[in-house]
Amino acid sequence: MPLNQALVGRTYPAVRYEVGREKLREFAIAIGETDPVYHDEAAARAAGHPDLPAVPTFAVVLSMRAGQVVYGDPDLGLDYSRVVHGEQEFVYHRPIRAGDRLLAAGKVAEASAKGRHELLTLQTEITTEAGEPVCTVRATLLSRGTAPPRHGSGA
Amino acid sequence: MSPHVDLTRVRPGDTLPEVAETIERLDLIRYAGASGDFNPIHWNDEVAKAVGLPGVIAHGMYSMGIAARMVAGWAGDPAAVKRLKVRFSAMIEPGQTLTAKGEVAEVDGTRVRVRFHAEDEKGERVLSKGEAELEL
């Protein structure tokens, strides 16, 4: 089933996320990051951070949660089993830090056919609860073989 | 944290210290737990084979995390990283080694643009068209 291109521009309700120190350490360890700035509060403060900073790609945890809200919309028509991750981009306004209380709101930024496949770009705006911008995340997914046929009468 | 790179000495063409990781299945299970991405193609061979893969493959974001380690480690500060972008261009399986490589593309005042990629042992690009912008 093709994606519903009428949903381009739709923003979905934000998910809340409270950033914990152990979660940041766990994520840093999972990508092999051993630099003390990500693990030790004293090292983080000595480097000018008010608390432990997240490794840059930690923001994907929040964008995936926001994405679940978007992909779960039956109106979108996304079959997640056909999805391949195509591109990923993060624009950082400031690092995510332990103690942050964040909101992550997903939006369908693009849905277009590319040959037999379709491209879906999910854009997630991560802000603090007070509205301070933290990170803009764009994930481009390839939905394999779901583009509408360009010839014939079938929809 | 490693000392900041000396901005006054950064020039286009400078290479970043490479970061290499040999990927084990346990790394993917650990990444699944830490990230919340429990797609079974990253830890269950039967599911991976059923969708046409040779076996489990690494999360694209695991590979990007390793490449981002190279960029942030070179900058010496996660707050210096203003933008990261990659294209996922090939898969990598447990047992293979991923190597992230990058070079300075442009220096504009305190803004530095880095081009990077990550490749497997055969030189195939797992991540391509990597771009990073740093404020040093």
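Now widen the selection to strand S4 (residues 111-119) and strand S5 (residues 125-135) of chain B, which pair in the antiparallel sense over 8 bridges. (Strands pair if DSSP finds at least two bridges between them; strands, E, at least two residues, and helices, H or I, at least four, are DSSP runs numbered from the N terminus.)

A word on what you're looking at: this is a predicted model, where local features need pLDDT of at least 70, side-chain atom pairs count only at pLDDT 80 or more, and totals for chains, interfaces and linings use all residues. Residues are numbered from 1 along each chain as its sequence is written, and chains are lettered from A and ligands numbered from 1 in the order in which they are written.

Next, show the whole open sheet of 10 strands, in the order S1(A)-S3(A)-S4(A)-S5(A)-S2(A)-S2(B)-S5(B)-S4(B)-S3(B)-S1(B), with antiparallel pairing. Strand S1 (15-18) of chain A and strand S1 (19-22) of chain B stand at the edges with a single partner strand each, so one side of each has no neighbour in the sheet.

Then zoom in on S2 (residues 83-92) of chain A, joined to S2(B) by 5 antiparallel bridges. Click A:Glu89 here and you'll find its bridge partner, B:Lys85.

Finally, colour the contacts between chains (C-beta atoms, placed from the backbone, within 7 Å): 29 residues of chain B are in contact with 25 residues of chain A. On the chain B side, H3(B) gives the most, with 10 residues.

How values were computed. Two residues are in contact if their C-beta atoms, placed from the backbone, lie within 7 Å.
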